[in-house]
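Reader: I have a new structure open and would like to learn how to read it. Could you take me through it feature by feature?

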Amino acid sequence: MAGGLNKVMLIGNLGKDPELKHFEGGGVLARFPIATSETYMSRKTNEKVTTTEWHNIVMRRGLAEVA
């Protein structure tokens with residue numbers, strides 16, 4: 001399997017405040033949900049439809065400190 005890096009930019013609304021977990025070795029873990037929404041016009045009913053998807057975010061190391 002070839003190694004690679006996948007990057008994603010999620011722009012949405014924070015579901016709740018980040019939960020931080022501190023470890024003995026100085027490590028930090030942050031977890032929080034983000035909601036992203038998509039709005040479009042339905043072809044069948046010609047009405048505006050909004051769908052929301054939730055993403056569970058986990059951050060480690062320096063990024064967790066920023067969260």
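Author: Gladly! Let us begin with pairing: two strands count as paired if DSSP finds at least two bridges between them. Keep in mind that this is a predicted model. Here β3 and β4 run antiparallel and are joined by 13 bridges.

Reader: What do β3 and β4 form, and how many residues lie between them?

Author: They form a hairpin, with six residues between the two strands. In the turn, asparagine 46 has a positive phi of about 55°.

Reader: Now for the inside. Which residues make up the largest nonpolar core?

Author: A core is read as a set of buried nonpolar residues joined through their side chains. In this model the largest one has seven residues: Val28, Ala30, Phe32, Ile34, Ile57, Met59 and Ala64. The elements that give two or more residues to this core are β3 (28-41) and β4 (48-60). The largest share, four residues, comes from β3.

Reader: What is phenylalanine 32 in contact with, leaving aside its neighbours within four places in sequence?

Author: Phenylalanine 32 is in contact with Leu14, Lys16, Pro18, His55, Asn56, Ile57, Met59 and Ala67.

Reader: I see His55 in that list. Is histidine 55 buried or exposed?

Author: The cut-off for buried is under 20% relative accessible area. Histidine 55 has 19% relative accessibility, so it counts as buried. Histidine 55 lies in strand β4.

Reader: Which side chain does histidine 55 join in a polar contact of 2.8 Å?

Author: The partner is the side chain of threonine 36, a residue found in strand β3. Threonine 36 is buried too, because its relative accessible area is 17%. Setting aside residues up to four places away in sequence, threonine 36 touches Leu10, Ile11, Gly12, Thr51, Thr52, Glu53 and His55. With sequence neighbours within four places left out, histidine 55 has contacts with Leu10, Phe32, Pro33, Ile34 and Thr36.

Reader: Let us finish with pockets. Which residues line the largest pocket?

Author: The largest pocket has a volume of about 260 Å³. Its lining consists of Asn6, Lys7, Val8, Met9, Leu10, Phe32, Ile34, Ile57, Val58, Met59 and Leu63. β3 and β4 are the elements that give two or more residues to this lining, and β4 gives the most, with three residues.

Reader: Where does asparagine 6 lie, and is it buried or exposed?

Author: Asparagine 6 lies in the segment before β1 (13-14). The cut-off for exposed is over 50%; asparagine 6 has a relative accessible area of 73%, so it is exposed. For a sense of distance, asparagine 6 and valine 58 are 52 residues apart in sequence and 15 Å apart in space, C-alpha to C-alpha.

Terms used
Residues numbered from 1 in each chain as written. Predicted model: local features only at pLDDT ≥ 70, side-chain atom pairs only at ≥ 80, totals over all residues. Heavy atoms only, no water. Core = buried A, V, L, I, M, F, W, Y, C linked by side-chain atoms within 4.5 Å. Buried < 20%, exposed > 50% of the residue type's maximum accessible area, 1.4 Å probe, protein only. Contact = heavy atoms within 4.5 Å. Polar contact = N/O pair within 3.5 Å; in protein donor to acceptor, adjacent residues only side chain to side chain. 1 Å grid on protein atoms, 1.4 Å probe; cavity = no way out; pocket = protein on both sides within 12 Å on 5 of 7 lines; lining within 4 Å. Points joined across faces, edges and corners; volume = space filled by probe spheres on them.
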